[in-house]
Number of protein chains: 4
Amino acid sequence: MKEIIKEIQQFRNDRGWGGNHDARNLAISISLEASELLEHFQWRSPEDAIAKDKQAIVDEMADVFIYLLQFSDVIGEDLISAAHAKMKRNAIKYPIPTKS
Amino acid sequence: MKEIIKEIQQFRNDRGWGGNHDARNLAISISLEASELLEHFQWRSPEDAIAKDKQAIVDEMADVFIYLLQFSDVIGEDLISAAHAKMKRNAIKYPIPTKS
Amino acid sequence: MKEIIKEIQQFRNDRGWGGNHDARNLAISISLEASELLEHFQWRSPEDAIAKDKQAIVDEMADVFIYLLQFSDVIGEDLISAAHAKMKRNAIKYPIPTKS
Amino acid sequence: MKEIIKEIQQFRNDRGWGGNHDARNLAISISLEASELLEHFQWRSPEDAIAKDKQAIVDEMADVFIYLLQFSDVIGEDLISAAHAKMKRNAIKYPIPTKS
């Protein structure tokens, strides 16, 4: 994952972009890309969407991830560590139901 | 990353969830969590948001990532591979400006 | 406002659309159109966005409204009455600060 | 509709709010409220959502509308006129299918 973060940083630096890539603007972009992903499923079943637009869906998924990586980089928090910590708290919040 | 995907799957299986975790419903959830992340920046500067709500922001970032991992798992496409492929195409789409 | 609702209904009926225009699908569409509106402001100041894309922005604003009208129609609740009721509760929730 | 716009303006003025209610921030808020509306339909059928959360759904619908009215006010474009104009163009873009 560090490799892909470096690749994104290099890409940005090569083009002189990133001047206004603060956490707020990146959060806006994550939300916009998430909507572009969802748009493929508007008025359609998941099966239908994937049958017709698989590659475009994979691309939009990648775009959400690319902005999410930049966001995690800007706020200085690792995505995987954050996910592990959240899952741990979810496990406490939602205990495994006991079988009767 | 495979480890965290397994952790999420285990969590879901332990609780008997996941019956309606299809790509469409997961895309809705990615979008909703992205909005909850953005909500921390509503009417506020990025500095102010992070100073006041850092932990909550990290948690929402993790939630977007957790749903994105489930989405990638359901459609059978690896997030990092998808991001690499997208970055490669971006590099062609947006060539490095030549210095004059 | 009743006139524009009728116009939308007529438009849909003329084209045989609307079969899956339930409240859930309309809520998805409201959210998607709201993102298309916000997209005009991605990486840009409000002044810059309006100077460059005024007509497109007005169109996206109209799209959010058109779906919102359909949503209100499907759940059988008038938009203006709902807004009045909400404003009344807001006024109680956020009292006018007394001048010192 | 002018009445409700005045009511919103009065509410804001009474509280000294509105300083940063520019079109960009309002577009963010429209998108966030649209997500809160959609959230009621997460993992649920439309029937189920309305049966359980009708009043909250009406309130979120009102919130989207209240921000949309403020947005239209800030950019100086009437919502209903914009919707009529958009519907007219939609009618040209999507002609009524001829019966065979």
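The questions below concern how the chains of this predicted model are related and how they meet.

In this model, local features need pLDDT of at least 70 and side-chain atom pairs count only at pLDDT 80 or more, while totals for chains, interfaces and linings use all residues. Residues are numbered from 1 along each chain as its sequence is written, and chains are lettered from A and ligands numbered from 1 in the order in which they are written.

Q: By what rotation is chain B superposed on chain A?
A: Copies are superposed by least squares on the C-alpha atoms of residues with pLDDT of at least 70 in both. For chain B on chain A the RMSD is 0.0 Å, with 0.0 Å of shift along the axis. The rotation is 180°.

Q: Which residue of chain B comes closest to the rotation axis?
A: The distance is taken at the C-alpha and amounts to 3.1 Å. The residue is B:S31.

Q: Which helix gives the most to the side of chain B that touches chain A?
A: Residues are in contact if their C-beta atoms, placed from the backbone, lie within 7 Å; the contact takes 49 residues from chain B and 50 residues from chain A. Helices are DSSP runs (H or I, at least four residues), numbered from the N terminus, and α1 (2–14), α2 (23–39), α3 (46–75) and α4 (79–93) of chain B each supply at least two residues. With 16 residues, the helix that gives the most is α3(B).

Key: Two residues are in contact if their C-beta atoms, placed from the backbone, lie within 7 Å.
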